[in-house]
Amino acid sequence: MALDAVVEDILATSKSKVAQINAEAEQEVARILSEARERAADIKSRKEAEAKHDIEALVRREMSSANLELKRAELNVHKELLEQVRTKFLEGVAKLPKDKNEALIKKLLEPYDLKDMKVYSSKRDQAFVSSLVPNYGGTLDIIGGVVVESKDGSVRFDLSYETLARDIFNAKVKEVSKLLFG
């Protein structure tokens, strides 16, 4: 019977060691699972923060894009309005009463020494301009105003109403653009 006692002792010791190993294994599994849960929670938290950041960036980009579209639309409306004003201005200038048109032409010619210059005008203003200047160059296809040119043609000042209106128009488009886009 001593052998039975030894076997039972060995079995008891083995069972005890198996139980101890199982307990240690369960503790290790619990520790690993706990660490895995913590890492998963960290990863989840990081991914949620990244997603929130990405969503906020997307919203900012979309808002910026929408604001840009709005500014473009506003600029187009301003351009259209300025073009309408320019067209109406040219229509009004073409219908200026004779005395106002002649006064405006005189004002345009004031800064120039016309002795060494040729002056061109519209057909409508031919008689008036040719009576004002010593060197009348002829008519041009313009609605009004004048073109002053050196005798050799190297210097030319286009003071036609169309050009003046275009210059004013272009200056205002730049102003509007600066207001909208800085």
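**View 1. The buried residues of helix α1 are A57, L75, L90 and V93.** Buried means under 20% relative accessible area, exposed means over 50%, and partly exposed is in between (1.4 Å probe, protein chains only). Helix α1 covers residues 2-94, which makes 93 residues. From its first C-alpha to its last it reaches 135 Å, close to the 138 Å expected at 1.5 Å a residue (the expected span is 1.5 Å times one less than the number of residues). Helices (H or I, at least four residues) and strands (E, at least two) are DSSP runs, numbered from the N terminus.

A quick word on what you're looking at: this is a predicted model, where local features need pLDDT of at least 70, side-chain atom pairs count only at pLDDT 80 or more, and totals for chains, interfaces and linings use all residues. Residues are numbered from 1 along each chain as its sequence is written, and side-chain values use heavy atoms, with hydrogens and water left out.

**View 2. Four strands make an open sheet in the order β2-β1-β3-β4, with mixed pairing.** The edges belong to β2 (136-139) and β4 (156-160); each has a single partner strand, so one side of each is left without a neighbour in the sheet. On average, neighbouring strands are turned by 15° against each other, direction ignored. Look at β1 and β3 (residues 145-150): they pair in the antiparallel sense over five bridges (two strands pair if DSSP finds at least two bridges between them). Here M117 stands opposite S150 in β3. Helix α2 (residues 98-109) packs on the sheet, touching β1, β3 and β4, and its direction makes about 25° with that of β3. Axes are lines fitted to C-alpha atoms, for helices over the stretch in contact, and angles run from 0 to 180 degrees between N-to-C directions.

**View 3. S121 sits in strand β1 (residues 117-121).** S121 is buried, with a relative accessible area of 0%. Skip its neighbours within four places in sequence, and S121 still has contacts including Q126, V129, Y136 and L140 (contact means heavy atoms within 4.5 Å).

**View 4. Y112 and F157 form a tilted aromatic pair.** Their centres are 5.0 Å apart, with 45° between the planes. Rings of Phe, Tyr and Trp (its six-membered ring) pair if their centres lie within 6.5 Å; planes under 30 degrees apart count as stacked, over 60 as edge-to-face and the rest as tilted. Y112 lies in the loop between α2 and β1 and F157 in β4, so the pair ties together parts 45 residues apart in sequence.
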